[in-house]
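Trainee: I'd like to learn how to read a few features off a model. Can we go through some together?
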Amino acid sequence: MRTFSAALTILGLAAVGLTGCAAPADATCDRPAGEAGVLDLVSVSGAADALPEVDVYTPFRTDEWAARDDVTGDGTPITTDDQLVVVDIALIGGDSGETVIATPYDGDLTRVTTLSQWVNTFPAFSDALSCATEGSRVTVALAPGDIAEGAAEGLGLAADESALAIVDVRKVYLAKADGADQYTDGFGLPSVVRAPDGQPGLIIPEGAPPSELVVQTLKKGDGPVVTGDAPVRVHYTGVTWAEREEFDSSWGQAPASLTLDGVVPGFAAALEGQTVGSQVLVVIPPDQGYGDTPQGAIPAGSTLVFVVDILGLDAAP
């Protein structure tokens with residue numbers, strides 16, 4: 001049995017100021033239907049933190065994908081392909097009924113990827129893992145067309161061979177801040193607007209910026225506290241007060257993994273003590289930002305404004 005680390009290299013699976021309206025309510029999570037009856041021929045057992053034991057009548061054949069939750073976790077659900085996840089996967093050949101490839105199943109929670117990286121090879125995962133929650137074990141039946149063209153051969157499968165993927169969802173990061181809206185006194189401070197996908201933008205008011213650090217919790221999450229002991233995963237948008245122009249944003253790419261000692265003092269102070277699921281507005285005066293030193297698109301002496309969604313905490317290295 002090979003491990004995914006080698007196979008992913010072969011397959012090329014590398015790790016990877018908006019204006020909107022008021023924040024919409026989160027959409028309900030509803031997994032698309034699949035032909036689940038075909039999975040009556042499949043039995044999966046064993047501890048969820050170990051390589052699963054799979055019994056299947058062979059040759060196993062299916063004409064379309066199907067999914068079954070063998071274990072249902074109570075953690076964060078997968079709602080978008082752009083979400084960060086940690087998963088263990090065992091792939092079973094439909095002809096042999098044997099495990100042809102698997103992740104290490106070693107408990108390592110630092111192997112964080114977007115779901116879309118798996119969808120590149122297994123397009124059916126986009127639907128089959130929709131709404132799957134952290135802590136779940138999902139059995140996915142894959143028709144030959146549910147594996148990316150050319151990938152089946154690299155995985156040791158025949159072109160017309162069906163397969164089974166046993167997916168253990170170890171960790172799911174939030175797609176956006178999901179905490180409760182908080183009342184804030186925003187007089188003289190930037191306003192935050194949100195697009196339907198949660199992406200925020202900033203409107204900078206007229207007038208001089210505050211001379212002291214300002215931190216406002218716009219949404220209060222109920223997740224773990226940011227202490228600095230572990231890296232924190234965030235989406236952020238940054239704007240300079242004077243220019244009213246965005247100089248950096250993580251939206252549209254993978255959320256950033258940050259350490260509190262790796263960011264400017266004002267940014268670190270704004271995150272420490274916050275909880276996962278929160279959205280934070282921070283106005284950073286120059287003496288707690290980059291001071292009189294220009295940084296790329298940021299002029300010297302700039303007051304920085306960030307809106308930050310706190311999506312999760314990484315496992316300590």
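This is a predicted model: local features need pLDDT of at least 70, side-chain atom pairs count only at pLDDT 80 or more; totals for chains, interfaces and linings use all residues.

Trainee: What volume does the largest pocket have, and which residues lie nearest its centre?

Mentor: The general idea is that rolling a probe the size of a water molecule over the atoms shows where empty space is left. A pocket is an open set of points on a 1 Å grid over the protein atoms alone, where a 1.4 Å probe fits, with protein on both sides within 12 Å along at least five of seven lines; lining residues have an atom within 4 Å of a point. Points are joined across faces, edges and corners, and the volume is the space filled by probe spheres set on them. In this model the largest pocket comes to about 680 Å³. Its lining counts 32 residues, and Thr 79, Thr 80, Gln 83, Ala 175 and Lys 176 lie nearest the centre.

Trainee: Now the rings. How many aromatic pairs are there?

Mentor: A pair of aromatic rings is described by the distance of the centres and the angle of the planes. Rings of Phe, Tyr and Trp (its six-membered ring) pair if their centres lie within 6.5 Å; planes under 30 degrees apart are stacked, over 60 edge-to-face, and the rest tilted. That rule gives 4 aromatic pairs. One of them is Phe 247 with Phe 306, edge-to-face at 5.6 Å centre to centre and 85° between the planes. Phe 247 belongs to strand β15 (residues 245–249) and Phe 306 to strand β18 (residues 304–313), so this pair ties together parts 59 residues apart in sequence. Helices (H or I, at least four residues) and strands (E, at least two) are DSSP runs, numbered from the N terminus.

Trainee: Is Phe 306 buried or exposed?

Mentor: Buried means under 20% relative accessible area, exposed over 50%, and partly exposed in between (1.4 Å probe, protein chains only). Phe 306 has 7% relative accessibility, so it counts as buried, while Phe 247 is partly exposed at 21%. Phe 306 also pairs with Phe 267: the centres are 4.9 Å apart and the planes at 90°, so this pair is edge-to-face. Phe 267 lies in helix α5 (residues 265–271), so here the parts tied together are 39 residues apart in sequence. Ring pairs link Tyr 236, Phe 247, Phe 267 and Phe 306 into a cluster.

Trainee: Which charged end sits over the ring of Tyr 173, 5.9 Å from its centre?

Mentor: For a charge over a ring, look for NZ of Lys or CZ of Arg within 6 Å of the ring centre and within 35 degrees of the ring normal. Here that's Arg 233. Lys 171 lies over the face of Tyr 173 too, at 4.9 Å from the ring centre.

Trainee: And where is the cis peptide bond?

Mentor: Go from Thr 58 to Pro 59, where omega is near -5°. Pro 59 sits in the loop between β3 (53–56) and β4 (66–71).

Methods. Residues are numbered from 1 along each chain as its sequence is written. Side-chain values use heavy atoms; hydrogens and water are left out.
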